[in-house]
Amino acid sequence: MYSSFPSDVPYQRDTFLQTYLGGVRYFLAEGPLEEAPYRVVLGKDISNLDDTFRSLTRTFLLISALVSLLLAVSLYWLLKRLTTPLGALQETAEAIAGGELSLRAKETGGDEFAKLAKSFNDMVEKLREEAEAKQMLVDNMAHELRTPLTGIKGYGDFLLRAAASEEVKLEAARCIVAEAERLEKISRTLLDTAYLRAEGITLQAVEADVLLGETAERFGERGVEIALEASPCPVLGDPLLLSLLFDNLTDNAVKSGATRVTLSCREGEVSVTDDGRGMTAEQLLHITEPFYRTDRSRSRAEGGAGLGLALCKQIIRTHGAEMKFESEMGVGTKIFVNFSETVKTR
């Protein structure tokens, strides 16, 4: 009946389409009227949608650029935050590798980096303790070696230069031999300790009560009563090292000024008890350290170098056993060696 569109406007029936008229984009729709032989064609200028689409596209591009920039800055900040503790940890590790064992990594926060820093600090602390122990060992060893060497040199010079009687010369020679034996004992103990650290051992069935009886026989003529209270006591270990262990423990008990030393063995546990001088709680904390002696003057006079219990500790550690001390001043000392983890099952 009426159309505002030119007659050549293309459209299809019962459909929707877009077309350009005079450079303007239209949306067209047509359909029949009910109960009438007519069709209705509608057109809508949608060119403003193009402007809106272009505006939205520019807006989305701008927002995408801003979001990308924000994400890049956030990612950079996050990576910087993640790598800064690692960089600081690396600098600390390099400084520690250069010998600065007093430095520690920062343990701020409660994240994984703080846990890593704590583990790192624990490792450095153990390294520092080991370094101090090694340095103390070297210092003590130098001191211990200096004493017999000084004695040997002094007595040697005396024999060369002094006009002394044969009896005096013999006494000087005996002193030289004693100091040389002391040096030999120190070196042998150090070598045994180094061997235990470097080499493993092969465990085998050992009757600890038999080894303890042999130790009692060896120390039976030292002027101290040796009492043996041993029942069958099978363990897994190295017989030579266990024999050395029992000898060293018994030797320390004999040198404590005791009049009676009791060696006992039962159900995987060996004990050495003496009625000697005893030790304080402070002394018990250090008695297994190399070259530590509760009474330096008395131990040196008796030929001790403070290495016996350090060697015992190494032997026990190698066997996976445990050693415990109980002592009271003026009453005596009792040493327990527990082989419960290595007891042979029968």
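Biologist: What relative accessibility does R54 have?

Modeller: This is a predicted model, in which local features need pLDDT of at least 70 and side-chain atom pairs count only at pLDDT 80 or more, while totals for chains, interfaces and linings use all residues. Residues are numbered from 1 along each chain as its sequence is written, and side-chain values use heavy atoms, with hydrogens and water left out. Buried means under 20% relative accessible area, exposed means over 50%, and partly exposed lies in between (1.4 Å probe, protein chains only). R54 therefore counts as partly exposed, its relative accessibility being 43%.

Biologist: With which residue does the side chain of R54 meet in a salt bridge?

Modeller: A salt bridge requires a side-chain nitrogen of Lys or Arg within 4 Å of a carboxyl oxygen of Asp or Glu. Helices (H or I, at least four residues) and strands (E, at least two) are DSSP runs, numbered from the N terminus; in helix α1 (residues 47-97), R54 and D51 are three residues apart, about one turn of the helix. D51 is partly exposed at 44% relative accessible area. At 2.4 Å, N to O, the salt-bridge partner of R54 is D51.

Biologist: Why are K153 and D157 separated by about one helical turn?

Modeller: Their side chains meet in a salt bridge of 3.2 Å, N to O. K153 counts as exposed at 55% relative accessibility, whereas D157 is partly exposed at 28%. The separation is about one helical turn because, in helix α2 (residues 112-161), K153 and D157 are four residues apart.

Biologist: How many residues apart are E225 and R260, the pair that links distant parts of the chain?

Modeller: The side chains of E225 and R260 meet in a salt bridge of 2.5 Å, N to O. The pair joins strand β5, which holds E225, to strand β7, which holds R260, across a separation of 35 residues. Both ends are partly exposed: E225 has a relative accessible area of 43%, and R260 has a relative accessibility of 32%.

Biologist: How many salt bridges does a search of the whole structure find?

Modeller: Side chains of opposite charge can pair when their charged atoms come close. Among the pairs here are D51 with R54 and E225 with R260. The search of the whole structure gives a count of eight.

Biologist: Which residue in β10 is the bridge partner of M323?

Modeller: Two strands pair if DSSP finds at least two bridges between them. Strand β9 (residues 322-328) and strand β10 (residues 332-338) are antiparallel and pair over seven bridges. They form a hairpin with three residues between them, and G330 in the turn has a positive phi of about 80 degrees. Across from M323, the partner in β10 is V337.

Biologist: Over the ring of which residue does the charged end of K324 sit?

Modeller: A charge sits over a ring if NZ of Lys or CZ of Arg is within 6 Å of the ring centre and within 35 degrees of the ring normal. The charged end of K324 is 5.3 Å from the centre of such a ring, that of F336.

Biologist: Which residue takes a positive phi in the hairpin of β2 and β3?

Modeller: Strand β2 (residues 24-32) and strand β3 (residues 39-45) run antiparallel and are joined by seven bridges. Within this pairing, E30 stands opposite V41 in β3. The hairpin has six residues between the strands, and the residue with a positive phi near 60 degrees is E35.

Biologist: Which residues does C312 touch, not counting those up to four places away in sequence?

Modeller: C312 lies in helix α8 (residues 308-319) and is buried at 0% relative accessibility. Its C-alpha atom is 9.0 Å from that of L242, a residue 70 positions away along the chain. Taking contact as heavy atoms within 4.5 Å, C312 touches L245, N248 and L249.

Biologist: What share of the 346 residues in the chain do buried residues make up?

Modeller: The chain has eight helices and 10 strands. In helix α4 (residues 208-218), the buried residues include L211, L212 and T215. Over the chain of 346 residues, the buried share is 31%.
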